[in-house]
Amino acid sequence: MSPNRDVALFLSLAVLWGLSFPAISVGLESLPPLLFAAARYDIAAILLLAAAIVRVDQWRPTARNDLAAIVGGGIFLVAGNGLLFIGQQTVPSGVAAILQGLVPIVTALWAIPLLGERLSAIGAVGAAIGFLGVGLIVQPDPGNLLAGDTAARLLVVGQVCSVALGGVLVQRAGPTLPQLPLVGWSMLVGAVVLHLVSLGTGELSRVGAIEPASFGAVVYLGVFATAIAFMIYFTILEKHGAFEAALIGYLVPIVATVAGVVLLDESIGALTIGGFLLVAIGFALLKRRAIADAVGVSTGVGSP
């Protein structure tokens with residue numbers, strides 16, 4: 001894979017994922033959030049499993065650890081994104097994307113009790129700085145957490161925590177199933193969970209005429225921002241590893257913010273931008289060893 005193709009893949013994935021946030025905002029104009037999220041993963045699951053059947057010999061899960069990974073990933077990593085769709089009913093797409101920068105930090109915190117990993121003093125400082133950044137982004141009113149869109153922003157934080165937990169549960173299960181069918185089955189499980197919750201909350205009774213733009217948003221999210229995007233992500237993951245692939249998450253908010261401002265006339269305040277920078281600094285402190293390894297700099301003997 002040439003360096004130019006590497007850059008093209010990184011940028012393509014950042015754009016596909018970045019545009020998914022304004023696409024969610026567009027779709028929510030005529031679709032209830034959980035049903036909308038379920039439809040996204042319906043499409044993606046069908047496409048990814050079809051690709052897995054063609055490209056992978058072992059595409060059916062049979063081992064216990066594979067089933068555990070699919071269930072954990074499906075419920076928390078996939079269905080947990082329903083909270084994002086609910087939150088984006090009032091949260092600007094750029095803000096929702098910026099909050100995703102917290103995923104690596106929360107993942108590291110979940111890994112402490114579930115994977116037995118340790119958090120160094122510097123890592124703890126990084127996590128604290130990251131959460132300080134989230135405070136600037138959410139800007140909660142201690143006297144009234146339901147004021148404005150604070151509750152909705154906290155729902156997006158809840159989605160971040162769910163996604164991070166799902167990733168750790170998948171890692172803990174230690175699946176042997178290839179990534180393509182693993183993700184495809186997880187999305188199918190997540191879609192089923194979202195459909196069930198959608199039915200339980202009576203969303204179907206609130207579905208009216210679906211605007212063409214909302215239908216287009218479902219197609220874009222299912223086909224491009226999920227199925228095709230994960231194909232690209234797997235390619236990057238195989239070539240560069242998990243850390244470099246995770247860095248795409250810090251390009252996504254930039255794309256989402258610009259798209260939200262240009263396409264949806266959204267606005268992003270200075271505190272939100274400052275919060276994003278603090279989250280990025282927190283990530284850098286928490287993952288300083290991985291960053292140092294990536295650029296070939298020593299962090300010192302025995303540094304955690």
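A: Let's start with Val138, which sits in helix α7 (residues 121-138); helices here are DSSP runs of H or I, at least four residues, strands are runs of E, at least two, and both are numbered from the N terminus. Keep in mind that this is a predicted model, where local features need pLDDT of at least 70 and side-chain atom pairs count only at pLDDT 80 or more, while totals for chains, interfaces and linings use all residues. Residues are numbered from 1 along each chain as its sequence is written, and side-chain values use heavy atoms, with hydrogens and water left out.

Val138 is buried, at a relative accessible area of 4% (buried is under 20%, exposed over 50%, partly exposed in between, using a 1.4 Å probe and protein chains only). Skip its neighbours within four places in sequence, and Val138 is in contact with Leu99, Thr150, Arg153, Leu154 and Val157; contact means heavy atoms within 4.5 Å. Leu34, by comparison, is 104 residues from Val138 in sequence and 22 Å away in space, C-alpha to C-alpha.

Val138 also turns up in the records: an unreviewed UniProt entry has the annotation "domain: EamA" on residues 8-138 and 154-286. UniProt positions are given in the numbering used here, the feature names are shortened, and such annotations may be inferred rather than shown by experiment. The span 8-138 is 78% helix and 0% strand, and its end C-alpha atoms lie 33 Å apart.

After α6 comes Gly116, with a positive phi near 70°.

Now back to Leu99, one of the contacts of Val138. Leu99 belongs to the largest nonpolar core, which has 72 residues, and is among those touching the most other members, together with Leu13, Phe36, Met187, Leu221, Ile236 and Ile248. A nonpolar core is a set of buried Ala, Val, Leu, Ile, Met, Phe, Trp, Tyr and Cys residues joined through side-chain atoms within 4.5 Å. The largest share of this core, 12 residues, comes from α10. As for Ile236, leaving out residues up to four places away in sequence, it touches Leu9, Phe10, Leu13, Gly241, Ala245 and Ile248. There's also a second, separate core of five residues, including Ala69, Ile70, Val170 and Leu182.
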